[in-house]
Amino acid sequence: MEAAVALPAWRTNLATIGALMARAKNELIRVPGAAIPGVLAPTIFFLGLNGVFGALTQLNGFSTGSYESFIVPVSMLQGAGFTGAAAGVNLARDIEQGWLDRLLVSPAPRWVLLAGTVLAASARSLIPATFVFAIALALGAGWPGLDGLLVTFVMVAAMAAVAACWGAFLALRFRSQSAAPLMQAGMMALILTTTAYAPLALLQGWLQDIARVNPVTDVVEAARQGFVGGVTWAATWPGLMALIGMLVLLGALALREMRRMGR
Amino acid sequence: MPAIVVEGLERAFDEVLAVQGIEIAVEEGEIYGFLGPNGAGKTTTVRMLTTLLLPTGGRATVAGHDVVKEARAVRSSIGVALQEAALDPLMTGRELIRLQATLQGIPTAEGRQRADDLLERVDLVAAADRRVGTYSGGMQRRLDLAAALVHEPRVLFLDEPTTGLDPVSRKTIWEEVRALNDDGTTVFLTTQYLEEADQLADNVGIIDSGRIVAEGTPESLKAEIGNPHIQLQLAAGSVTEAESILAPIGKLLPPKDGRKVLVEVENGAADIPRVVRALDEAGIAVEALELVKPTLDDVFVEKTGYHLEEEGEESAEGAPVEA
Amino acid sequence: MSALATNVRVVRALGMRSIRQTFRRPQLIAPIIVFPTLLLAIQTGGAGGAVELPGFPPVQSFLQFMLAGAMMQSLMLAGNSGGIALAVDIEMGFTDRLFSAPIPRFAIVLGRLAGTAALGLFSALWFLAIGLVFGAEIESGVPGALLAIVLVTAAAMAVGGIGAAIALRTGSASVVQGLFPLVLVVLFISSAFFPQELMIEPAKTIAEYNPLSFIAEGVREPMISGIDAADTLYAVLAILGIVVFGLVLSAFALRHRLRVG
């Protein structure tokens, strides 16, 4: 029947989320080399973009002469997007292999199951972010200050959560790992159609229009603050709002799909 | 009060009715065997009863709760071991049972204790801290079963618990199921093996193409059929002739393979000489003869017109010998 | 003469199979075309201000400059996917069947590469079309376009040769697939996406000697100015260099495979 000593629901939910996150870390720890792609992709992009487009900072409109400083937050966010999408792929695999059935048959609420996936992705995103950050510092990016660093990492973790909700939504909708490219490409497009490569004024017409309405532009700008100047609340809160908005929207979509499993 | 009540349960997938209007009542403490071939609707039914699938018609209550309206209460009361053992190859056996305990809301310390007890009970202590990916098929099933029991459920659902296992592992699972049942757990199991239903179940429901075609205790079902049949192994090419000779003597049953003739006779062993004499007079050589008492397969044939299992399938089915 | 005719028939048959396979499954082509197109759009939009940089070659538009880079990306991915297809054939045992037939080894690889060449051709046409649609002219007109198409197709095959060599050596599709990030790396350290003089060290120096740079410039020059004999020659030499490299690798790989079985 029920547990001999009944726990209050919030404690059970917390314990469940923790257990699901603990399971998620197994893939990193117990599969050799599993962490590499997630770290490699944003690092390659960072080094590559820097080597190729570094001269752009000579243009008027760049507030910094260091392209490393300019794009490192973008690369960190890309890492977050990749990590979140990977969480979606893992969920699709869990669905295909029947693991999710075990979770669905338990009394755990659906939102708890989703939270486990999403929070695990957030935690995991810190790995590539730290790696890219370290490389950027080594290459001469400016130290963002503790406040800048905190803001950047918060943005990264939250972006990973957004990406995980997106990935989870697709995984639950299509119930197949073949949705993986859509998970990855969606996040990449979202993050790069912003002021990723250059400040807003220097973007070409159509991209400028998109970047203006893209909520992730605010996230990029907020994450970039410490690297190109000082941190202000005025530049931070739009990014936070954007992330919260995306989390609410995509989280709701993903939760809806989770509830519809079997319907 | 009944542990499981199913009334007019239906499930349609697009145009196809996988499950059509089935009625079941399983008493507390009973072992109910759901017997049928692949694709009959067993797994679909189990998924509906375990709240993984919404019925498109009818209703069902498990442990006193409606599967649709009180899904969460149902999930707290049932243990489930599905056909595809839902295991994570990267976890250890111990971790899996502890996770299950957490999912069921059992406090950590108690969950650990129960995990230890259950691992011992299913004889997985030695492998408990190895990854599930290294387990054999039999070990995985035992682990699945142990995990399903961590919260001491009132009703246990086992979907084809021994499919693909070797005979030794199969017997082990059977013993465990009987032990559970002795402790008072209601068991709803699906199977395609008539011996399993015969051996384990208090009540058997035979399902074919989404409908229940027969229900009752194994004994009562077999008694319904009544008559044993004689199985004759003949020389190649003589089957048709033999069948025409035997048709007036008894009722011919569909043959299991091209060299056997099956004929149902009213007087059991006493009719053997008649049969042998008739064939002998026609010059048909009989290579082997067996008097076969009714089995659940016969019940199945009676109700559906075809065999549940091909002869010899039991042994052919076995997986490599488990560790 | 008849031996040559046989070989030609074999290459043609395997080639047709390879081409059919390639285009029969759009979900496999999509990443090779879609991904570079997306990147083209984003990079053109994002870094387009680069045309203002001192030292940037005179171009009609940044898109005109970037088309070559997109083609380079596609042809590299096409080469990679050709290698994957061969590895799948090996895993399935199809190549064993071919090896035990009286067909010269190179015909087998050549046949496989026909699919890669077709993909290279397709991507060259695709990006030329995109250029036309979005207003990027080919300065040297039709001859320039044709030259670009030829170079891209040949380069795709050359890169495919390397992919094939890796496939032959490892016999594993997932290994070949794992090299996909390498494609991007190797392009980033070339002048595929940006003028070499304006790149940042150490990528700048590497790009100066990277054969992919020569190919990219050979494809790009006809688009942004005119056909230059030297650029074209360097591009052809670079492609030949890659071909030779691929052949050598393949020879070693084949020997290893036939020894190991």
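Biologist: Where is Leu247(C) found?
Modeller: Leu247(C) sits in helix H11 of chain C, residues 229-260. Helices here are DSSP runs of H or I with at least four residues, strands are E runs of at least two, and both are numbered from the N terminus. Bear in mind that this is a predicted model: local features need pLDDT of at least 70, side-chain atom pairs count only at pLDDT 80 or more, and totals for chains, interfaces and linings use all residues. Residues are numbered from 1 along each chain as its sequence is written, chains are lettered from A and ligands numbered from 1 in the order in which they are written, and side-chain values use heavy atoms, with hydrogens and water left out.

Biologist: Why is Leu247(C) called exposed?
Modeller: Exposed means over 50% relative accessible area, buried under 20%, and partly exposed in between (1.4 Å probe, protein chains only). Leu247(C) has 56%, so it counts as exposed.

Biologist: What makes Arg47(B) and Asp101(A) a salt bridge?
Modeller: The rule asks for a side-chain nitrogen of Lys or Arg within 4 Å of a carboxyl oxygen of Asp or Glu. The closest N and O atoms of Arg47(B) and Asp101(A) are 3.0 Å apart, within that limit. The pair crosses between chains, from helix H1 of chain B (residues 42-49) to helix H4 of chain A (residues 99-105).

Biologist: What about Arg224(A) and Glu221(A), how far apart are they in helix H9?
Modeller: They are 3 residues apart in H9 of chain A (residues 215-228), so about one helical turn separates them.

Biologist: Which residues are linked with Asp88(B) in a network of salt bridges?
Modeller: Arg23(A), Arg93(A) and Asp94(A). Asp88(B) and Arg23(A) meet at 2.5 Å, N to O, and both are buried.

Biologist: How do you know which pair of chains shares the most contacts?
Modeller: Contact means heavy atoms within 4.5 Å. Of the 2 pairs of chains in contact, A and B share the most. No contact joins chains B and C, whose closest C-alpha atoms lie 21 Å apart.

Biologist: What area is buried between chain B and chain A?
Modeller: About 3100 Å², with carbon and sulfur atoms giving 55%. Buried area is the accessible area (1.4 Å probe) that two parts lose on being put together, summed over both. Between chain C and chain A the area is about 2100 Å², with 81% from carbon and sulfur.

Biologist: And how many salt bridges does the rule find at each interface?
Modeller: Between chain B and chain A the count is 4; across chain C and chain A it is 0.
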